[in-house]
Amino acid sequence: MCVLAIFVTLLQSCRLEEVTGEVLVRAPNPGTYEIYRIESEEPLQFISEQVGQYNQPLRLVPGRYLILADCSYEILTVLPNVTQSLVAHQVLFNPPVAPAAEDNFSIQCNRFTKTKSRQHLHNRYALNILHGTRDLLVGMIPMSIDFNKVNDTANPKILSYNLSGIKIASYEGMKPATSFFVSPADGLLSITETQKFGRWQFLLKGRYRVEVNGTRLEVDLAEGQQYEFRPAFLRVSSSDNVNIQASSSITGTPSFVELNAGHWLDLNETYPVLPGEASIKLNGSLHEHKVTLVEGELTERKARSVLVDLDCSAWDWSCLGSREIFLYESDKAYHFAEGTSDVPILFFEEDVWLSIQGSRDIRYKIPPTSQDTTLKVGFLKLIPRQLHRPGQVTDLSRIEAAGAPLTGHSLDLPVEGDVLMPLVVGRYYLTQYTALATADWDRRTNRLPISIAPQDTVEIPYYVYVSEKKLKQIREMQAKTRQQQIQKKFRLMQSRYRPIVPTAVD
């Protein structure tokens, strides 16, 4: 027992006399830093971690240590009975107004590259950074601070930078989390900050791009500037009796408004936007329309509509949306908008004509004073009867509009088979031109008046005169078609009434 007591006493005495060194990190104000003892540098390994206090010496056993402060590091060797001294400078970022909790200011930086230790500091306006040259990303602007250039580098200093601020004012009825986006206008860094309306975004001076709902505004921020403004408002609406949900249910594509060629807005919704010039385009249209957005004011554009109603049943998907619809401006050969039947087509233009797939060259003039127009459609089934009569050839058969509000005519009707043509309710002519084998090759014109009513299919058999060779070709083609139809019907019957063969017979 005596020997054991002596051994313990000697061991405690050795520990009390263990040799240490000191580390002192001086800074303008109190605070903490991290310190790690390095066991191995290749590969890098740590065996302990401590927290040190600025301006207070910290006793450590000799060895290699990593010191981590804000956005900075130092590696030093602690020697026995030696005090190692480092300097940490204070860097202050001064916002132009007293910051609130929901205001936004960010700093990003690397603390120690070997461990990929990166700091993301939010709403911290004072940093303690170790002496040397340090790189920071303040807001969205790269900043390099070289403390070697300050006077009296042996003592801690305080550096101060004035921030600027951007804020878009909140408004009555604002939806929660309504936000704006800020990014550098020079495009050197692809980085964006997001902030809510009514809150400050603090930044260094510079040129920035502000974005809200597809609208942009470039701002030059001076040092210490408070840039605050109100949003403008944009609304594109339709009449209450226009079913804008029909597009989603029939075509799978909702009705929308494209703002500034790349941002999509819902109809009949009010959106905050940035003041300035903008362009809007309705889906299905090729035309962009300019609008002027004024700070604090609502800009509303009300769209007109036209609906081509095929009178389909509610779930008849073979009928609903089965015809393409085209809109034209007067004297323009190409359409500026397209859609489908049974779906309202929205437009802003005043002088507008409409045509339907299958009778595209016949156009209907939409009344210019009508906000919303619904057009009923009927069908015309044309059944050619081919004849050969020496000296006569029908060189053109077509459907022509009988008068306003319809104009134009169809393409030449084929003589080989039947045609089913959709037409807006109204009056038309079946017009035929027949060449006669006379000395002057006279031409005879026949016009048959036709009236198209809603949900009606009018069948019109008509005679066309063709050459003997052409008639033979048509008859052969018709016979081949009939044979194919008979074979198809026979195969269908075989599949329906296939004999059942027993698996076993007694």
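Close-up 1. At 1% relative accessibility F93 counts as buried, where buried means under 20% relative accessible area, exposed over 50% and partly exposed in between, computed with a 1.4 Å probe on protein chains only. The model is a predicted one, in which local features need pLDDT of at least 70 and side-chain atom pairs count only at pLDDT 80 or more, while totals for chains, interfaces and linings use all residues. Residues are numbered from 1 along each chain as its sequence is written, and side-chain values use heavy atoms, with hydrogens and water left out. The structure holds 13 aromatic pairs, a pair being two rings of Phe, Tyr or Trp (its six-membered ring) with centres within 6.5 Å, classed as stacked for planes under 30 degrees apart, edge-to-face over 60 and tilted for the rest. The rings of F93 and Y161 have centres 5.7 Å apart and planes at 25°, so this pair is stacked. Because F93 belongs to strand β7 (residues 83–94) and Y161 to strand β13 (residues 158–162), the pair ties together parts that are 68 residues apart in sequence; helices (H or I, at least four residues) and strands (E, at least two) are DSSP runs numbered from the N terminus. Y161, at 24% relative accessibility, counts as partly exposed. One aromatic cluster is formed by F93, F105, Y125, Y161, W200 and F202.

**Close-up 2. The disulfide of C71 and C109.** A disulfide is taken as a pair of cysteine sulfur atoms within 2.5 Å, and by this rule the count comes to two. In the link of C71 and C109 the sulfur atoms are 2.0 Å apart, and with -75° about the S-S bond this link is left-handed. The pair links distant parts of the chain, 38 residues apart, with C71 in the loop between β5 (63–69) and β6 (72–78) and C109 in strand β8 (residues 106–112). Both C71 and C109 are buried.

**Close-up 3. The disulfide of C312 and C319.** The sulfur atoms of C312 and C319 are 1.8 Å apart in this disulfide, and the torsion about their S-S bond is about -65°, so the disulfide is left-handed. C312 and C319 are both buried. When the bonded cysteines of the protein chain are numbered in sequence order, the pairing reads 1-2, 3-4.

**Close-up 4. Strand β15 and its partners.** Strand β15 (residues 179–184) pairs in the antiparallel sense with strand β16 (residues 193–196) over four bridges, two strands being paired if DSSP finds at least two bridges between them. F180 has Q195 of β16 as its bridge partner. β15 also pairs in the antiparallel sense over four bridges with strand β18 (residues 206–212), in which V210 is the bridge partner of V182.

**Close-up 5. An open sheet of four strands.** The strands of this open sheet follow the order β23-β22-β25-β26, with antiparallel pairing. Its edge strands are β23 (263–266) and β26 (289–293), each of which pairs on one side only. Strand β25 (residues 276–282) and β26 pair in the antiparallel sense over five bridges, and E277 has T292 of β26 as its bridge partner.

**Close-up 6. Arginines over aromatic rings.** A charge sits over a ring if NZ of Lys or CZ of Arg is within 6 Å of the ring centre and within 35 degrees of the ring normal. The charged end of R301 sits over the ring of F348, 4.5 Å from its centre, and R447 lies over the face of Y429, at 4.1 Å from the ring centre.
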